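Student: I'd like to go through this model and check what the labels really rest on. Can we take it term by term?

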Amino acid sequence: LTMLRNTIDQWKPNIILLQETHGRKDLTETLRAEVPRYIWITMPERRGYRGVAVGVRHDKRSLFPLEPPEIDEQGQWIIQPISYKREKIVVASIYKPDKAPRAFWHNLCRKLGSRVAIIGGDFNTRPETNEMTEILGALAECKISLVPSKCATHTILAWRVKRSKDRQWQN
């Protein structure tokens, strides 16, 4: 947690996405105590190598209270609707298991629907692999654009943007 606290103090992010939280019983309480300026949304306790969490900075740009999150039964994602700078968006924290079928991404796209989304997580693949090409293809079919993060090879941010004028998708 020291490294997480130091990184947050240095970067002061508005949204934090955590993966592989392993369903710790006291995770929410621990995060609230150690990183108090954030509202933490975590999954129910679950053993194993899964589990994700979302932290939303508590400041004037984010509207509270938050709407209820959508939580995957398998511990692979949380989708948290938020209002940020008066815009309604959803934030999705994802932990993709190794060799997940293409259906994993299509199911996630169905959950997101046409909402503006920020997606981040551990996709368990490297950018130059065939598997990443498959992931990009599956998400492109859902009109989601990806931008690799500069922080780590396993973290990818994605978003969907709709222009209000003509309701066309844009990258």
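Student: Which residues does Leu-4 touch, not counting residues up to four places away in sequence?

Tutor: Leu-4 touches Leu-18, Leu-31 and Val-35, where contact means heavy atoms within 4.5 Å. Keep in mind that this is a predicted model, in which local features need pLDDT of at least 70, side-chain atom pairs count only at pLDDT 80 or more, and totals for chains, interfaces and linings use all residues. Residues are numbered from 1 along each chain as its sequence is written, and side-chain values use heavy atoms, with hydrogens and water left out.

Student: What makes Asp-9 and Arg-37 a salt bridge?

Tutor: The term needs a side-chain nitrogen of Lys or Arg within 4 Å of a carboxyl oxygen of Asp or Glu. Here the closest N and O atoms are 3.0 Å apart, so the pair qualifies. The pair links distant parts of the chain: Asp-9 is in helix 1, while Arg-37 is in the loop between helix 2 (27–34) and strand 2 (38–42), 28 residues away.

Student: Why is Asp-9 called partly exposed?

Tutor: Buried means under 20% relative accessible area, exposed over 50%, and partly exposed in between (1.4 Å probe, protein chains only). Asp-9 comes in at 39%, so it counts as partly exposed. Arg-37, at 37%, gets that label too.

Student: How do you know that Lys-88 and Glu-67 form a salt bridge?

Tutor: Their closest N and O atoms are 3.6 Å apart, so they meet the cut-off. Lys-88 is in strand 7 (residues 87–95), and Glu-67 is in the loop between strand 4 (62–63) and strand 5 (70–71), 21 residues apart.

Student: Why is Lys-88 called exposed, and what is Glu-67 called?

Tutor: Lys-88 has 60% relative accessibility, so it counts as exposed. Glu-67, at 41%, is partly exposed.

Student: What about Glu-70 and Arg-115?

Tutor: Their side chains meet in a salt bridge at 3.0 Å, N to O. Glu-70 is in strand 5, and Arg-115 is in the loop between helix 3 (102–112) and strand 8 (117–122), 45 residues apart. Glu-70 is partly exposed at 24%, as is Arg-115 at 28%.

Student: How many salt bridges does the structure hold?

Tutor: Four.

Terms used: Helices (H or I, at least four residues) and strands (E, at least two) are DSSP runs, numbered from the N terminus.
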